[in-house]
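Open the structure in your viewer and keep the selection tool at hand.

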Amino acid sequence: MGSGQVTSSVPSEFTGKHVTVAGLGVSGVPAAKVLSGLGAHVTVVNDGDDERARAQAAELEALGVTVRLGDGDTLPEGTELIVTAPGWKPTKPLFTAAGQAGVPVWGDVELAWRLRGPDAAPWLAVTGTNGKTTTVQMLASILKAAGLRTAAVGNIGVSLLDAVTGEEQYDVLAVELSSYQLHWAPSLRAHSAAVLNLAPDHLDWHGSMEAYAADKGRIYEGNRVACVYNVADKATEDLVREADVEEGCRAIGFTLGTPGPSQLGVVEGILVDRAFVENRQKNAQELAEVSDVNPPAPHNVANALAAAALARAFGVPAAAVRDGLRAFTPDAHRIAHVADVDEVAYVDDSKATNTHAAEASLAAYESIVWIAGGLAKGATFDELVTGAAKRLRGAVLIGADRALIREALARHAPEVPVVDLDRTDTGAMLQAVQEARRLARPGDTVLLAPACASMDMFTNYNKRGDAFAEAVRELGA
């Protein structure tokens, strides 16, 4: 349907209901349109009152929606339900007031789940601290290779509301879900789901690591066929053990090592399945080669195994796993090879905005000149540096919180030469790449894996990666 209004001649559970939509933006505007089309009395509340918000408000008001800009904390009188943007913190006064008034709070994912028709496509759902988008895109590619009508939806740009209320028919949906979205989706029950990994992230929103993990674990609730977990990350398996699933639902592990029964793993460069085969105690099914994964870095092979596990849980044949992985092209700025200059590889992983993602990136190369730094978001770097020390040829540090990384390098890798660029203008990236070139030797990889957010210097991680790629092109010119 795009983001147009849904209208229905059939009375719905929302007809005449007073619903407050919390937040304009990518989820709020479609939610307001859908609910209005279903006959609800919709009021949108929004913290901001800028030009973009006023334009969105005018569009919604033309549909009969009430919009209150600059006041996202007050619960409108008569509210019977709140549908919130996923990023709004549970501690907001609006939600406190809702709790006191007994008003339920849903996210857009919850709304989409409840609006599915009787013949709705099942959901194969993915969450985790890192790798979600890549895994969901790989999964969609595999499902398409099997001839299934599918789409990658959720936290990656395509609104779930659009997918479930639109005219296009799907056989199955590949759904990326953030911890925020899961927090506000109590009724969600996936066909099968995966938690890829767990590392501290968004703790300011969730309040604690325990609360963050619990919200991630909601993805397993009510699973019908498979709960997919990471053998190397015990916390993901613990979430499976704690989940209340349908009878017959199986725990399926993925590992970069040799798989045991009910696992997918790697044997001599081959991705193999010992979960969805006859007599899994003795048999294994070859799915693809590691070289079919793009790029074949260890953490990306893990993503591919998780995607394969979900696809196999849905009954996809082995050949479609191979074909889907071969057809998959990763997004920009995700461990993307930019160029080789003077026998040195330059790799852009600007998407590595936290230490967990940077750790996976650093593990993919043998000898690295590391470009890192930015906004640390409260992170510490000792563990990251300790794990990567033996691979580091040198480091070039940029950004507001670079001193935290410099100090970790001094403590745990004192022999590694460090260039500390005392500037946070966008031109710093060109100098950083030039300094990295000076430190690198033939066969090395210059790796942008900042382990930090970008907003101190760049609009977003995409702009940071673009600046890196442009600087590398200047080297080769």
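Is K92 buried or exposed? Bear in mind that the model is predicted. Select K92 and show the surface around the residue. K92 has a relative accessible area of 14%, and because buried means under 20%, K92 counts as buried.

Next, colour by secondary structure. K92 sits in the loop that runs between strand 4 (81-84) and helix 3 (93-101). Now show what touches the residue. When its neighbours within four places in sequence are left aside, K92 is in contact with D47, G72 and D73.

Zoom out to the whole chain. Its secondary structure amounts to 17 helices and 20 strands. The radius of gyration is 24 Å, close to the 23 Å that the globule rule gives for 477 residues, so the chain is as compact as a globular protein of that length.

Switch to a surface view. The chain exposes about 19500 Å², with 47% of that area supplied by carbon and sulfur atoms. Of the 477 residues, 55% are buried. As for contacts with a separation of 6 or more, 65% of them join residues 24 or more positions apart.

Now select T135, which lies in helix 5 (residues 132-145). Which residues does T135 contact once its neighbours within four places in sequence are left aside? They are V126, L196, N303, A306 and A307.

The last stop is the second largest pocket, which has a volume of about 790 Å³. To find this pocket, select N197, P298, H299, H356 and A360, the closest to its centre of the 35 residues that line it. Then colour the elements that give two or more residues to the lining: helix 11 (298-313), helix 13 (355-362) and helix 14 (382-388). Finally, colour the lining by residue type. The lining of the second largest pocket divides into 17 nonpolar, 11 polar and seven charged residues.

Key: Residues are numbered from 1 along each chain as its sequence is written. This is a predicted model: local features need pLDDT of at least 70, side-chain atom pairs count only at pLDDT 80 or more; totals for chains, interfaces and linings use all residues. Side-chain values use heavy atoms; hydrogens and water are left out. On a 1 Å grid over the protein atoms alone, a cavity is a set of points where a 1.4 Å probe fits but cannot get out, and a pocket is an open set with protein on both sides within 12 Å along at least five of seven lines; lining residues have an atom within 4 Å of a point. Grid points are joined across faces, edges and corners, and a volume is the space filled by probe spheres set on the points. Helices (H or I, at least four residues) and strands (E, at least two) are DSSP runs, numbered from the N terminus. Ala, Val, Leu, Ile, Met, Phe, Trp, Tyr, Cys and Pro count as nonpolar, Asp, Glu, Lys and Arg as charged, and the others, Gly among them, as polar. Contact means heavy atoms within 4.5 Å. The radius of gyration is taken over C-alpha atoms; the globule rule is 2.2 Å times the number of residues to the power 0.38. Buried means under 20% relative accessible area, exposed over 50%, partly exposed in between (1.4 Å probe, protein chains only). Accessible areas come from the Shrake-Rupley method with a 1.4 Å probe; for residues, only the protein chains shown count as cover.
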